[in-house]
Number of protein chains: 2
Amino acid sequence: MEIRAALLGFGNVGSAIARLAARQPRSASHTIRIVGALVRHSAHRKHADVPLTSNPAALLDAGPDVLIEVLGGLEPARTIVLEALSRRIPVVTANKTLLAEHGAELSQAAVRGGVPLYYEASVIAGVPFLGTLARRPLTSTVTALTGIVNGTSNYVLSQVNRGADLGSALADAQRQGFAEPDPSKDVDGIDAAEKLAVLLQQFAQLGVRPREIEIGGIEGLTAADFAPARRFGGTLKPVVHAEWSNTTWSGFVGPAFVTWGNPLAALKGTANGISLRSVSGDLLFAGPGAGPDVTAATVLDDVLEAVANPRTPDSCRHRTITQIPLSTKWFVRLTSTASLPDGADLADLLGSYGVWVQQTSSTEAQHGKDARWLLTYACTRHRIERALAAVSAASTCSAFLIRALEAPSE
Amino acid sequence: MEIRAALLGFGNVGSAIARLAARQPRSASHTIRIVGALVRHSAHRKHADVPLTSNPAALLDAGPDVLIEVLGGLEPARTIVLEALSRRIPVVTANKTLLAEHGAELSQAAVRGGVPLYYEASVIAGVPFLGTLARRPLTSTVTALTGIVNGTSNYVLSQVNRGADLGSALADAQRQGFAEPDPSKDVDGIDAAEKLAVLLQQFAQLGVRPREIEIGGIEGLTAADFAPARRFGGTLKPVVHAEWSNTTWSGFVGPAFVTWGNPLAALKGTANGISLRSVSGDLLFAGPGAGPDVTAATVLDDVLEAVANPRTPDSCRHRTITQIPLSTKWFVRLTSTASLPDGADLADLLGSYGVWVQQTSSTEAQHGKDARWLLTYACTRHRIERALAAVSAASTCSAFLIRALEAPSE
């Protein structure tokens, strides 16, 4: 059977989808043909096999079996996807920005149209788990998740770990083609926060906008931070984390200290992964997180499923529950430590604010200044910031801090 | 909608399935009712909610929507499952022994009946990936796999690593309820080989019987082996591994040295995991591998999918291709080393047989005898055994060897 798919967007990912569709074996039970693609200025571009148009209505009027959306961004993607769903055309999208902001609206439209809305490529593009768990309610009863969902940040931090500075690691990632020309959404954590919002919609039935999430970028970290991390028994990774109950949730996006016992610590380079805490144990899904060919394969698998195994979203109602402060361990760098009290006195000072020190590094040089690193026991951000403000007030030292996570079973 | 399921087997797993089915929220879109269960002697047993019978025909004559098979073993499971499929009753099974021996026959029966045959709980029970990848042809184009698929062995080796001997670690596993009363299939590698056969059916379309696979048990390992493993940059894990092309395949089951860079090295306790090498990168699925409650949840998710998302197996033709010798690194323990030539001379002797030494430990005591450990570069089993036979002939030392795997990206 031939599946006729229309494509919104014909950039790197769109072209990869067209190439992969053209390469399918004729013997497959279903083959996918790209019957048209939306581009901004069709007059300027031609493609040998795929008719290009700048008119979205013409694309939908041709009655494709599936609409594939890889435009990115909010508009015109949102309007065209809603129109397709209202015409009962199944939609496959890789657009986490759109899903993070308008996931509920799109799901409602899919339910009304009685057609699938699949988005496996939006989070950890190469590893199918979102669609799977949507169909498997007993396995998908989870109460917390931790993941590495931005390959560019993971690659950059891996390079910083090897001694590179952030700027050159980023330039390197751009040369190799997996960082965007403007990588600020990757580095700042915005991209990861959009993916966390998509994950919270699915696993916590929670409507959270990316801007409501505590977001930290990776730019404050340096190569010198990795040696004390190793001595504390772990490394530094760009993570997303959230946990929830029936009435409250908490979470964050940002670089974090992760112990070696945590399987996410072993994900190197551009690899992505997610750990889901369920009643029966921790489930881990990991693999390639992005790249035009990986995304194209996942999008076309979604197209095949949308036709061969159609499933309309179950529910589009997202809960609104209270966000509460997240308590974690903290990985702290104190710079210009000459005027700092020594170990025991510093621990006493922090302890007087309710922050308890688990491990301390000896004083080391960082960018020509003396620095010392601490790993604390769990407390809220408010508490550690108050304690560190007191330390700064009592000395000339400045503090930099990120959260620290334990392995699920530790 | 209520799904009426018949159950073959009412032991630990069968009872857990009945309990979990009874606990489902009434609000779910589908609920599952266990309408009867097959037990060996129904006269001796009673159950408040589930009618028990020793007559399989009566169970099928009642026309259940789905048959759940958790009897284990080959017969009568095979005959009843085939009968159900011929009556067009979808089947969900957790029985890897049955699938390993008769997977092709069962798939053919499912294709003929036009009904689903789902077996997600047969390998890494808690983590759905078999059904997912069966539906997603572009993601499931893999050429090699490595996994930890036996939780009892993983637990026992983790305990041996902490200093326990094998017997007490096994007794401990039995006390905690995750080792069978007769754990020989776990310890000998038979259980893992059955699961590898199921994986090869799905991912390599390969009909391989467990007895055709190189199988090693974990019983030869001792606590003393873990220290040199750590110094070589890894640990010892019970693994399955296979790789294949269009014309050949090779693989093994057994304990192996695994480097820390391999995400499987981080799977502790009873955790299971599998790494699939695909064109787009390495995919990892990990989580709880067994236990009555985990298996029950996965079986019931399969039941829901069999009704809401039925999918008949695509193909039941398994290839028969040549098995070729597998070349890997080797982790070798040499005991009673007093008469052994020293480092360089030993390396020369092994080298003269085409075995090249990558790392050597210093001599240490093991069970009161001197022992030395080597990590070699890759070669076939035939080559290393010939080289070690020459070493033993030239001295009084005895050799113990297991394979060594590198991380996918190393």
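**Salt bridges and symmetry**

I looked up A:Glu75 and found it partly exposed, at a relative accessible area of 43% (buried is under 20%, exposed over 50%, partly exposed in between; 1.4 Å probe, protein chains only). This is a predicted model, in which local features need pLDDT of at least 70 and side-chain atom pairs pLDDT 80 or more, while totals for chains, interfaces and linings use all residues. Residues are numbered from 1 along each chain as written, chains are lettered from A in the order written, and side-chain values use heavy atoms, without hydrogens and water.

A:Glu75 forms a salt bridge with A:Arg78 at 2.8 Å, N to O (a side-chain nitrogen of Lys or Arg within 4 Å of a carboxyl oxygen of Asp or Glu). A:Arg78 is partly exposed at 23%.

Next I checked A:Asp191, which pairs with A:Lys96 at 3.4 Å. A:Asp191 is in helix H9 (190-204) and A:Lys96 in helix H4 (96-113), so the bridge ties together parts 95 residues apart in sequence (helices are DSSP runs of H or I, at least four residues, numbered from the N terminus). A:Asp191 is buried at 6%; A:Lys96 is partly exposed at 23%.

I searched the whole structure and noted 42 salt bridges over all chains. One network of them links Arg135, Arg136, Asp302 and Glu305 of chain A with Arg135, Arg136, Asp302 and Glu305 of chain B.

Last, I superposed chain B on chain A: a rotation of 180 degrees, 0.0 Å of shift along the axis, RMSD 0.0 Å (least squares on C-alpha atoms of residues with pLDDT of at least 70 in both). The copies are therefore related as by a two-fold rotation axis. In chain B, the C-alpha nearest that axis belongs to B:Phe285, at 2.4 Å.

Conventions:
Helix = DSSP H or I, 4+ residues; strand = E, 2+ residues; numbered from the N terminus.
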